[in-house]
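Hi everyone, thanks for coming. I'd like to walk you through one structure today, so please have a look at it with me.

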Amino acid sequence: MFAKNKKNAGIIVLLLACMVLSACQNSDDSNKTGTLNTVNSQNTNNSFIASKTETVIDDTLPDVTTVESQSSTSDKTSTSKNTSTTSSSKTNKTTSSSKTSTKKPSTTSSETNSKTTTSSSPKKTSTSKTDSPEVELNPDIIDSVNAQLIISQIPQKDRAVLEKINKEINNFKETITFAYGEATQQQVENALMIISLTNLTDNYVSPEYTISVDNRGNVTKLVLTFTKTAKQYADELEKLETVIDEMIAGCTADNDYDAVKYFHDEIIRRCKYDANAENMLSAYGCLVDGRAVCEGYAKALILLCSEYGIECVPITGNTRNSEGVVEPHMWNLVKLDDVWYHFDLTWNDPITTLGEDFIKYDYFAVSDEVISIDHEITPIVYFTYPVADNSENDYFTRYGLKFDDVQAAVTEFEKIVCEAVKNEQRYVRIKLSDAEKFAQFKTRVFETATENGIKEIFNILARAKENSGSEVFNPTRFGKVFNENMNIILIVLNYE
């Protein structure tokens with residue numbers, strides 16, 4: 001199994017099916033077929049697809065005699081993180097409350113005292129457990145510290161349904177039968193949603209399923225289709241275990257905050273946002289394939305935190321893309337020193353031309369109030385999200401990069417730039433405490449010409465080059481990224 005939990009030995013990594021649950025439609029019809037969706041039962045969109053594309057403005061120092069002719073061009077990536085997928089939610093990248101179910105033509109078969117509508121299965125190999133009898137799978141219920149944070153709140157009868165379905169999925173059983181009165185459609189759909197959210201490792205179940213319901217509303221049968229064999233899943237799990245072991249071993253942090261920062265940075269370095277990747281919804285897709293959407297990013301962080309002994313749960317909601325379109329999204333809540341914070345790794349890994357080393361910290365350990373600026377939180381059935389009402393440990397506050405006074409921000413900004421140039425670092429970040437101060441700082445440093453006829457930013461860069469003695473730093477050109485929602489300024493230094 002995975003690396004031994006650094007704090008709580010014996011955490012068992014989840015061996016669940018990655019599925020997405022359909023919305024529960026209130027209808028008198030007892031024939032129920034849906035497309036699984038990793039969000040709540042009111043979701044009408046079958047994927048988490050939200051992402052954020054960064055636009056980098058390239059600013060060049062003009063000739064001092066032709067200040068008015070200074071040009072700035074928008075350097076924007078051609079690829080977009082706004083592609084729909086068949087799964088769950090990044091901020092850059094969250095979960096929608098709308099559902100578009102794309103089902104293939106269905107056929108209907110009747111049973112004694114029960115009706116069944118079956119959606120056609122995808123063109124993938126369906127293999128039962130008996131094809132790989134040598135593979136040992138976990139037949140038990142979910143047994144992960146972080147999964148239990150969600151599951152512990154489920155009523156006993158509903159949990160019994162979840163445990164049964166989860167056990168059969170872990171045994172690659174395609175047809176799950178229920179005794180009379182054992183389960184309702186709502187219980188089954190809720191169970192599938194929770195299993196999907198708490199499955200971290202891999203996705204091996206088709207997003208199409210069939211529920212058979214009798215004339216009194218009792219579920220008689222649930223039929224699933226597996227997209228991978230038990231042997232394929234076991235082989236992929238072994239690869240994921242190797243990566244997790246390496247990442248845990250590479251964590252030299254002496255506190256939980258630094259450990260989470262290490263996991264955050266490593267996930268972003270290893271993974272690219274890809275809404276077309278085969279395993280985009282899982283930690284496997286994120287950490288082994290290096291391709292995932294927001295759900296894969298979020299699950300990778302949960303898995304690493306679980307192995308390390310840090311409490312971490314998924315959070316679903318909505319956000320808006322660069323065109324203003326509302327999209328579903330998933331991110332995380334992480335508990336550090338008994339305080340919960342929001343982390344959005346997807347939006348901290350924007351699609352940009354800046355390169356694979358570019359990492360943002362705009363959504364690193366922020367509060368409910370801050371995340372709600374551009375994220376809308378939606379509930380998970382059964383589960384009450386922990387309150388995150390503290391901002392004292394957000395990245396900019398912790399590292400002294402947040403300022404309430406504009407003059408102090410300008411002074412410290414120049415010091416930070418000079419230090420970055422000495423160390424040949426590419427990125428410089430600061431945050432202002434509110435929108436008014438952010439606007440004042442931006443105007444003063446980036447927009448208003450000084451006595452020598454050029455903008456203050458170029459004076460700062462010139463002094464940084466002089467003080468550092470760098471022969472490769474170019475003070476006449478830089479890139480800038482403004483997050484006006486969060487009052488954050490990032491500049492990209494230019495070395496030649």
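Let's begin inside. The largest nonpolar core has 99 residues, and those touching the most other members are Ile165, Val188, Leu222, Leu287 and Phe343. By nonpolar core I mean a set of buried Ala, Val, Leu, Ile, Met, Phe, Trp, Tyr and Cys residues joined through side-chain atoms within 4.5 Å. Buried is under 20% relative accessible area, exposed is over 50%, and partly exposed is in between, with a 1.4 Å probe and protein chains only. Helix α7 (residues 294–308) supplies the largest share of this core, 10 residues. Helices here are DSSP runs of H or I with at least four residues, strands are runs of E with at least two, and both are numbered from the N terminus.

Before going on, a word on the model: it is predicted, local features need pLDDT of at least 70, side-chain atom pairs count only at pLDDT 80 or more, and totals for chains, interfaces and linings use all residues. Residues are numbered from 1 along each chain as its sequence is written, and side-chain values use heavy atoms, leaving out hydrogens and water.

Which residues does Val188 contact, leaving aside its neighbours within four places in sequence? They are Val161, Ile165, Phe178, Ala183, Ile211, Val219 and Leu222, where contact means heavy atoms within 4.5 Å.

Now to a pair of helices. The axes of α11 (residues 435–447) and α12 (residues 456–468) cross at roughly 65° and come within 5 Å. Those axes are lines fitted to C-alpha atoms over the stretch in contact, with angles from 0 to 180 degrees between N-to-C directions. So α11 and α12 are roughly perpendicular to each other; that label covers 65 to 115 degrees, with under 35 roughly parallel, over 145 roughly antiparallel and the rest oblique. Arg444, Val445 and Phe446 of α11 meet Glu456, Ile457 and Ile460 of α12.

Next, helix α2 (residues 156–170). Its buried residues include Val161, Leu162, Ile165 and Ile169, and also Asp158 and Arg159. Just after α2 comes Phe172, with a positive phi of about 55° although Phe172 is not a glycine. Phe172 sits in the loop between α2 and β6 (175–177). Is Phe172 buried or exposed? Buried, at a relative accessible area of 1%.

Finally, Tyr382 has a positive phi of about 75° and is not a glycine either. Tyr382 is in the loop between β15 (375–378) and α9 (395–398), and at 19% relative accessibility Tyr382 counts as buried.
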